[in-house]
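Open the model in your viewer and keep the selection panel at hand. Each stop below says what to select next and what is there.

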Amino acid sequence: MKIIATILFSVFLISCQNSDSSKTNKFVPEMYEVSEMTHLMRSIYKENEVIKKEIISGEAPKHFPTYFLNIFKSKLTDNKPYTENFVAYSKVYIDHVRSIYDSVSTISLKTRYNNSINSCISCHTTECTGPIPRIKKLLIE
């Protein structure tokens, strides 16, 4: 009985040892690298969060974020070409953002800001629908 127990214990120990082949077959996931446009869109989102807070607290945003203009030259995911829709929506968006900084406008700041966010939503309904729920959170109720 002791011999059988010793043999079983030895087999158990041998089977639990790591082999060199397990080290070479490790899973290495491909790391997703964000495009320039994705990075820009995330920065624009964060800036819009700041703008929203300023407007809600009664402050008028002071300086147009010029890096928003990179929307016309940032590389898209997988180096896709810009579509006519994307270019048109981008122009409308930039015009709406510029209107936020128009100190003589008779349109309320909240409306001008929401117009800019709604233009994001409109573009994303045709180009990249994934972030729409997140973008809608930027609207001022």
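Start with a term: buried means under 20% relative accessible area, exposed over 50%, and partly exposed in between, with a 1.4 Å probe and protein chains only. This is a predicted model, in which local features need pLDDT of at least 70, side-chain atom pairs count only at pLDDT 80 or more, and totals for chains, interfaces and linings use all residues. Residues are numbered from 1 along each chain as its sequence is written, and side-chain values use heavy atoms, with hydrogens and water left out.

**Stop 1: the whole chain**

Show the protein chain as a cartoon. The secondary structure is six helices and zero strands. Helices here are DSSP runs of H or I with at least four residues, strands are runs of E with at least two, and numbering starts at the N terminus. Along the sequence the pattern reads α-α-α-α-α-α. Colour by accessibility next: 28% of the 141 residues count as buried. Contact means heavy atoms within 4.5 Å. Among contacts with a separation of 6 or more, 62% join residues 24 or more positions apart.

**Stop 2: α4 against α5**

Select residues 84-100, helix α4, and residues 109-124, helix α5. Two packed helices are described by the angle between their axes and the distance between the axes. Axes are lines fitted to C-alpha atoms, for helices over the stretch in contact, and angles run from 0 to 180 degrees between N-to-C directions. For α4 and α5 the angle is about 165°, and the axes are 8 Å apart. Angles under 35 degrees count as roughly parallel, over 145 as roughly antiparallel, 65 to 115 as roughly perpendicular, and the rest as oblique. The pair α4 and α5 is therefore roughly antiparallel.

Now check the handedness. A crossing is left-handed if the near helix is turned anticlockwise from the far one by less than a right angle, and right-handed if clockwise. α4 passes α5 in a left-handed crossing.

Show side chains at this contact. From α4, pick Phe86, Tyr89, Val92, Tyr93, His96, Val97, Ser99 and Ile100. They meet α5 residues that include Leu109, Arg112, Tyr113, Ser116, Ser119 and Cys120. By class, the contact of α4 with α5 has ten nonpolar, six polar and one charged residues. In this scheme Ala, Val, Leu, Ile, Met, Phe, Trp, Tyr, Cys and Pro are nonpolar, Asp, Glu, Lys and Arg are charged, and the others, Gly among them, are polar.

Zoom in on Ser119, in helix α5. Is Ser119 buried or exposed? Its relative accessibility is 7%, so Ser119 counts as buried. Leaving aside neighbours within four places in sequence, Ser119 contacts Tyr89, Val92, Tyr93 and His96.

**Stop 3: α3 against α5**

α3 and α5 pack at about 155°, with axes 11 Å apart. That makes α3 roughly antiparallel to α5. This crossing, too, is left-handed as α3 passes α5. Met41, Asn48, Ile51, Lys52 and Ile55 in α3 meet Leu109, Lys110, Tyr113, Ile117 and His124 in α5. These residues divide into six nonpolar, two polar and two charged.

**Stop 4: the core**

A nonpolar core is a set of buried Ala, Val, Leu, Ile, Met, Phe, Trp, Tyr and Cys residues joined through side-chain atoms within 4.5 Å. Select Phe68, Ile71, Tyr93, Tyr113 and Ile117: of the 27 residues in the largest nonpolar core, these touch the most other members.

Centre on Ile71. Not counting residues up to four places away in sequence, Ile71 touches Met37, Leu40, Met41, Tyr82, Phe86, Ser90, Tyr93 and Ile94.

**Stop 5**

Go to Thr38 in helix α3. Thr38 is buried, at 17% relative accessible area. Beyond four places in sequence, Thr38 is in contact with Tyr32 and Thr77. Draw a distance from Thr38 to Ser74: the residues are 36 apart along the chain, and their C-alpha atoms are separated by 8.8 Å.

Move on to the loop between α3 and α4, where Asp78 is found. Asp78 has a positive phi of about 55° although it is not a glycine. At 69% relative accessibility, Asp78 counts as exposed. Asn79 is in the loop between α3 and α4. Its phi is near 55°, a positive value in a residue other than glycine. Asn79 is exposed, at 58%.

**Stop 6: Thr111**

Finish in helix α5, at Thr111. Thr111 is partly exposed, at 36% relative accessible area. Thr111 and Ile140 are 29 residues apart in sequence and 8.6 Å apart in space, C-alpha to C-alpha.
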